[in-house]
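User: I would like to learn how to read a few features of a protein model, one at a time. Please give me the general idea each time, and then the case at hand.

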Amino acid sequence: MSEEHFVNPDVVKAVGDWGGYVEAKLGFRNHWYPVRFSKEIEEGQAITLQVLGEKLIFKRIDGKVFAMRDRCLHRGVPLSRKLDCYTKDTITCWYHGYTYRVQTGELVNILAVPDSRLIGRRKIQTFPVEEAKGVVFVFIGDVDEDNPAPPLAHDVPPGFLDDDVMILGKHREVASNWRLGAENGFDALHIFIHKDTTLRHHRVFNFPIGHTPLPGAVQTVEAPDGPKGVIDDFSLHKPVWEGEIDGEIVVRGARSGQVSGTSAAMQTSCWLPGVLKVDSFPAPSLTQFEWYVPIDADNHIYFQTIGKTTPTAEEKLSFANDFETIWKPHGLDGFNADDIWAREVTQPFYQDDTGWLDEMLCEPDVTILEWRRLASRCNRGIQLPEHLR
Amino acid sequence: MSEEHFVNPDVVKAVGDWGGYVEAKLGFRNHWYPVRFSKEIEEGQAITLQVLGEKLIFKRIDGKVFAMRDRCLHRGVPLSRKLDCYTKDTITCWYHGYTYRVQTGELVNILAVPDSRLIGRRKIQTFPVEEAKGVVFVFIGDVDEDNPAPPLAHDVPPGFLDDDVMILGKHREVASNWRLGAENGFDALHIFIHKDTTLRHHRVFNFPIGHTPLPGAVQTVEAPDGPKGVIDDFSLHKPVWEGEIDGEIVVRGARSGQVSGTSAAMQTSCWLPGVLKVDSFPAPSLTQFEWYVPIDADNHIYFQTIGKTTPTAEEKLSFANDFETIWKPHGLDGFNADDIWAREVTQPFYQDDTGWLDEMLCEPDVTILEWRRLASRCNRGIQLPEHLR
Amino acid sequence: MSEEHFVNPDVVKAVGDWGGYVEAKLGFRNHWYPVRFSKEIEEGQAITLQVLGEKLIFKRIDGKVFAMRDRCLHRGVPLSRKLDCYTKDTITCWYHGYTYRVQTGELVNILAVPDSRLIGRRKIQTFPVEEAKGVVFVFIGDVDEDNPAPPLAHDVPPGFLDDDVMILGKHREVASNWRLGAENGFDALHIFIHKDTTLRHHRVFNFPIGHTPLPGAVQTVEAPDGPKGVIDDFSLHKPVWEGEIDGEIVVRGARSGQVSGTSAAMQTSCWLPGVLKVDSFPAPSLTQFEWYVPIDADNHIYFQTIGKTTPTAEEKLSFANDFETIWKPHGLDGFNADDIWAREVTQPFYQDDTGWLDEMLCEPDVTILEWRRLASRCNRGIQLPEHLR
């Protein structure tokens, strides 16, 4: 990956107050990102994956998950090509025996050169890991004793960590930059592509073909001790129920006499480092939380979850059953499938950065602009190719 | 596609009076290009294809074909990914309902934002289309009321549009830059690769292994009110009938006592924006017209046609029959198959522009140089990556 | 292939006294390289292959092999696309009949233009070829009457050309830069990856998990009238027999009471232009000679041979039998298979040149640094993209 002109500097300058967002092609550094569900990494198991351009090994040791860079310090080979774990908490490079402590990254031995002066004096980069709500989060950034990672609670939407909230979900890879995921999700207008969703059979709701924020609908949250995001309140939206061309009504939204509201959800909100919360969706008692986690400049992990307050074991069981039979197939798989191909076909326009200049936004897209500005203003750093060396 | 150094500027400068031809890697702008046969676009049908780097939608409405850019103004997505045509002459973007009048490109509505101020004030780019001789031509360039497209007759070889001329043909994609197509076709020497053509079984002709233009053979046509091209008259060529190596004859051309002439054709001519006319070929009463239409820098549409003067219905039927049974299989498919692979294996040498400097032309290649100069002198513009934004 | 910044100039400067080695991404120019075994090019046969970025045709004429560039001077097409050999020692381009004398490269005729002034005045580039020990070597460089190619003996390891030495082997393509091949082979530590070799069943030897050179082990050979290389004497190495992590022995080398020595081989040596000699390997009476011949920046021919002194016909037969049944399957195929994938997974780290800066070598890697310095100091030139024009 060329480091020079990784992002077109003319475009960064031209967009003004959201240049940082344009620069963040690889995502924002010094933030927490979900990567797998806890149950996907069993005791003693090691898995590899790529986040923000970093190739990582995750290993669970005595219950806790640790993450280190999957690249030997010596000759740069992937440790995972032939994973040698001679002890529970070390990984030894298959090539020359460089051996690292998983928890700290310390080079504890070189099996083929046991008296090397490098031993005990070098570290492979490690990354903080936390688990919450059955999800494994990794902090892609630089920490030390003086600069610990900020709390996970600052990087997830409000409510996600609440007591009694049960989280279920899935993840998959999407072939677009992560920002096209975030903007697709937060975009109030894109409801237009969901006209034929099978969710209709599982819930009574209003489904206009579009809706536009009225004054006051969009608010930012920037308190220093919590998550930073933009909230778009659908109760302050003006819905569009009919689409007309040349005086002829060509498409109608679905409007139910049984419920009020301008949309199928109550509100959406988009949070750093790139996570969407959709209130009362896919059904009134549920909340969808979904992350767009950069893999590299052209791909992201679409980490989809649904949360529900389930104080009792019976409610938990019931939610788990509904998730498997309704919300996963008709929501995360069915409804969101259209979002995925939409992001993928948007990718070529933005791939060389010129799309940020050439796009022609319309009035309701102010919510997206607000998100770009907040992200540029409140992020803790921009991930760059030089961070991967 | 990077806009910087799309073509090596040192090469453009070094070649002198045909630098414009070197620059025209994507073809010449403000010219007419054939793309499909009329019968391939039926009433109401929309097709997509790429010409000179432009991705286009062609749609036939009330008998007439129109062309517009296949990229929504809003977020740059291809409209064709899921074509929504709610009315006969509009295309609505599947993503947010941006709706365009096909004939004019006007943004007539945004279904999800019906009160947007953009409506009626923005246009997607459209391109003039004409049909002649059963072929759909598109004008890739900029036109307005003050600057209409020039007549199609200025961009096709003489004779193509004549009354009573019937045109039949086919098209296919070739993996080389369009200029290697034009030069392969216009090159009098390349007859060398057609030594074994099966056309021999369908016609008595002379087929030397090469022939060189004598003084006066090559003439340019540059009148302002007609097509611009270079004509190479084979009756003023010196044929080569035998190939000799170290005093030994190793290959012989085919010479018939029944006919005169230095070649199987009477003359060839190459015209802007990249179309060849071969007189008396593949048989004395026929004329081959073939276009090399840029798709992108590395591919072209090879649009092959044969014309014949057929005043009566009986003659039309007879030509149609001969075309299907003889001229298409033995001419356009068989004879020209060798031309196609020749262009494709020439491509790597010219791909980074250095081939234009490193080639070692011989004397008869003056006809090709004449074509390069005329094309540089008479074209109406050069298609550049910036035209695609 | 872009000529600008083919290698990162900052990296070349930063590495100091082995910058030339970093520059030699395409190998060293003006050296001899093995490409095929003699038996693979039969009388009259022509084969094509790529070496140091050069696409070449090799043809055997009256017993002697010649090599010329596989690209017609005229329009740059590969002659090999449809090889026309009308006489024993000429190759005629299929496109326009440019005809070259294979031995000299002289343009002896243009069949389609027999009176061209170019004839007899132009040459296609040819390259000296020599055969020794049943191997075809080509000299990639510039020679003329005043500057003939240096002797082959200066570019092969000592012993290879000795009388009574019989050479057998194989070759294959490996998807890494040639230098990662050379460094993998010369690296005394990489024995760590061969822990499970099946060679154990065919020979009694010591097999530590690593061994470190003591003072005096590494010597360079730079006499002007012979090959230039670095020798690493394993009798002056300190072996490592056990690998320990956190006080626990986790892996043990194989130590035999029957033989002495610190390794399975006696010594290794690495020679310009990129060839390794392993003494007493894969068995005491044998010597492995293996070349890493650049194909392009990302691939090399792994040319593997084993030599044995076989004065009698009986000994030759016996060696040939052992080669096929033991040394080829368990040595060249089995043992070296691990080396091949090791090189291939190392490639991404060095592909953009930054690996040369970012690697973290340990003490025994001084042998590799010595090789890089010798190669930078003693090579006869660096192959660059401009040599391929």
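Predicted model: local features only at pLDDT ≥ 70, side-chain atom pairs only at ≥ 80, totals over all residues.

User: What is the phi of B:Leu52, and is the residue buried or exposed?

Analyst: Buried means under 20% relative accessible area, exposed over 50%, and partly exposed in between (1.4 Å probe, protein chains only). B:Leu52 has a phi near 50°, a positive value in a residue other than glycine, and it counts as buried because its relative accessibility is 0%.

User: Which phi value does B:Asp164 have, and where does B:Asp164 lie?

Analyst: The phi of B:Asp164 is near 70°, again a positive value in a residue other than glycine, and the residue belongs to the loop between strand E10 (135-140) and strand E11 (165-174) of chain B. With 39% relative accessibility, B:Asp164 counts as partly exposed.

User: Which residues does the cis peptide bond join in chain A, and which in chain B?

Analyst: Here omega is the angle to read. In chain A the cis bond joins A:Phe281 and A:Pro282, with omega about 5°, and in chain B a cis bond joins B:Phe281 and B:Pro282, with omega about 0°. A:Pro282 is located in the loop between strand E19 (275-279) and strand E20 (287-296) of chain A, and B:Pro282 in the loop between strand E19 (275-279) and strand E20 (287-296) of chain B.

User: What is A:Ile209 in contact with, leaving aside its neighbours within four places in sequence?

Analyst: Contact means heavy atoms within 4.5 Å. Once neighbours within four places in sequence are left aside, the contacts of A:Ile209 include A:Leu189, A:Phe192 and A:Val251 in chain A, and B:Leu111 and B:Ala112 in chain B. A:Ile209 lies in the loop between helix H3 (178-186) and strand E12 (210-213) of chain A, and it counts as buried because its relative accessible area is 1%.

User: How many residues does each chain bring to the contact between chain C and chain A, and what area is buried there?

Analyst: Buried area is the accessible area (1.4 Å probe) that two parts lose on being put together, summed over both. Chain C contributes 41 residues to the contact and chain A contributes 36 residues, and the area buried between them is about 3000 Å², of which carbon and sulfur atoms give 58%. Of the area that chain C buries against chain A, C:Phe192, C:Ile245 and C:Met360 supply 22%, more than any other three residues.

User: Finally, how many helices and strands does chain A have, and what is its radius of gyration?

Analyst: The radius of gyration is taken over C-alpha atoms, and the globule rule is 2.2 Å times the number of residues to the power 0.38. Chain A has six helices and 21 strands; for its 389 residues a compact globule would have a radius of gyration near 21 Å, and the 23 Å of chain A agrees with this. Buried residues make up 60% of those 389 residues.

Notes
Residues numbered from 1 in each chain as written. Chains lettered and ligands numbered in written order. Heavy atoms only, no water. Helix = DSSP H or I, 4+ residues; strand = E, 2+ residues; numbered from the N terminus.
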